[in-house]
Amino acid sequence: MGSLRQRTRRGRRTDGTGGTADAGARARILDAAEELFARHGYEATPTAEVARLAGVPKGLVFHYFPKKIDVLVALVDERTLVEEAPEVEAVPGDAAGALSRLARRLPIIASPAMRRILFREADTHGSVRARLGHLNGEIVRRARFALELALPGARGDAARLEVAAVTFAAVLLHQENLCQLTGHHIDPDAVAELIALALG
């Protein structure tokens, strides 16, 4: 009768700790962790604080996430997605336009808080680093492809196109982080123009 899988007559489930947990408890835990990890960092956020903000017993956090790191892994896996989108349109001779269109269709689905978590925790947590690396690789791939379409004569200069694509991906990924740290906003269209001029 005390199983999480068994529902009571009121449509609530026992949480194994003597209390009850509604079906949205796991989502509330992740919501709270996302807010707190983004604000204070993973290491500086006690599990008890996540439970308090989520409005659940601390034991329920450990029921869903046996270790604290499991909360971070779940956030990264479930709340940062690389969007499966069609390739950016590219007009021959218009490298700047191709990169600008790519910037407007950045293939990441993540809240600003999740983006802060990705950058903050990438140095110390492998799962976060892997997700950020995957995202970076996808942006580089799309930028390189867009540049190859826009500059068909430059395909033989693969090294320059790769550097251009990597540079543009770095700007796209880091601009929000840089803006938060310094207050300076980088205009992706201006960067696209500079890269196009350098390749021209």
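At what angle do helix H5 and helix H9 pack, and how far apart are their axes? That was my opening question for this notebook. One caution before I start: I'm working from a predicted model.

**Entry 1: H5 against H9**

I looked up H5, residues 95-104, and H9, residues 188-199, and found them packing at about 150 degrees with their axes 8 Å apart. Angles over 145 degrees count as roughly antiparallel, so that is the label for H5 and H9. Their crossing is right-handed. From H5, I noted Ala95, Ala96, Leu99, Ser100, Ala103 and Arg104 in the contact. H9 brings Pro188, Asp189, Ala192, Glu193, Ile195 and Ala196. Sorted by class, I get eight nonpolar residues, one polar and three charged in this contact.

**Entry 2: H5 against H7**

Next I turned to H7, which covers residues 126-150. H5 packs on H7 at about 150 degrees too, with the axes 9 Å apart. These two helices are therefore roughly antiparallel to each other, and H5 crosses H7 in a right-handed way. On the H5 side I listed Ala95, Ala98, Leu99 and Leu102. On the H7 side the contact uses Ile139, Arg142, Ala143, Ala146, Leu147 and Ala150. The class count here is nine nonpolar, no polar and one charged.

Checking my two lists, I see Ala95 and Leu99 in the contact with H9 and again in the contact with H7.

**Entry 3: how covered is H5?**

How many of the ten residues of H5 are buried? I found eight, so H5 is largely enclosed by the rest of the structure. The buried ones are Ala95, Ala96, Gly97, Ala98, Leu99, Ser100, Leu102 and Ala103.

I wrote them down as Ala113, Met114, Arg115, Ile117, Leu118, Phe119 and Glu121. Charged side chains are on that list too, namely Arg115 and Glu121.

H4, residues 68-79, packs on H6 at about 125 degrees, and the axes are 11 Å apart. That makes H4 and H6 oblique to each other. The crossing is left-handed. Leu72, Leu75, Val76 and Arg79 of H4 meet Met114, Ile117, Leu118 and Glu121 of H6. By class I have six nonpolar, no polar and two charged residues in this contact.

**Entry 4: His174**

Which helix holds His174? I found His174 in H8, residues 158-182. With a relative accessibility of 40%, His174 counts as partly exposed. I also checked a distance: His174 and Phe119 are 55 residues apart in sequence, and 8.5 Å apart in space from C-alpha to C-alpha. Phe119 is one of the buried residues of H6.

**Entry 5: stepping back**

Last, I looked at the whole protein. I count nine helices and four strands. From the N terminus, the order is β-β-α-α-α-α-β-α-β-α-α-α-α. Of the 200 residues, 42% count as buried. Among contacts with a separation of 6 or more, 63% join residues 24 or more positions apart. The accessible surface comes to about 10600 Å², and carbon and sulfur atoms own 55% of that.

Conventions. Residues are numbered from 1 along each chain as its sequence is written. This is a predicted model: local features need pLDDT of at least 70, side-chain atom pairs count only at pLDDT 80 or more; totals for chains, interfaces and linings use all residues. Side-chain values use heavy atoms; hydrogens and water are left out. Buried means under 20% relative accessible area, exposed over 50%, partly exposed in between (1.4 Å probe, protein chains only). Contact means heavy atoms within 4.5 Å. Accessible areas come from the Shrake-Rupley method with a 1.4 Å probe; for residues, only the protein chains shown count as cover. Axes are lines fitted to C-alpha atoms, for helices over the stretch in contact, and angles run from 0 to 180 degrees between N-to-C directions. Angles under 35 degrees count as roughly parallel, over 145 as roughly antiparallel, 65 to 115 as roughly perpendicular and the rest as oblique. A crossing is left-handed if the near helix is turned anticlockwise from the far one by less than a right angle, and right-handed if clockwise.
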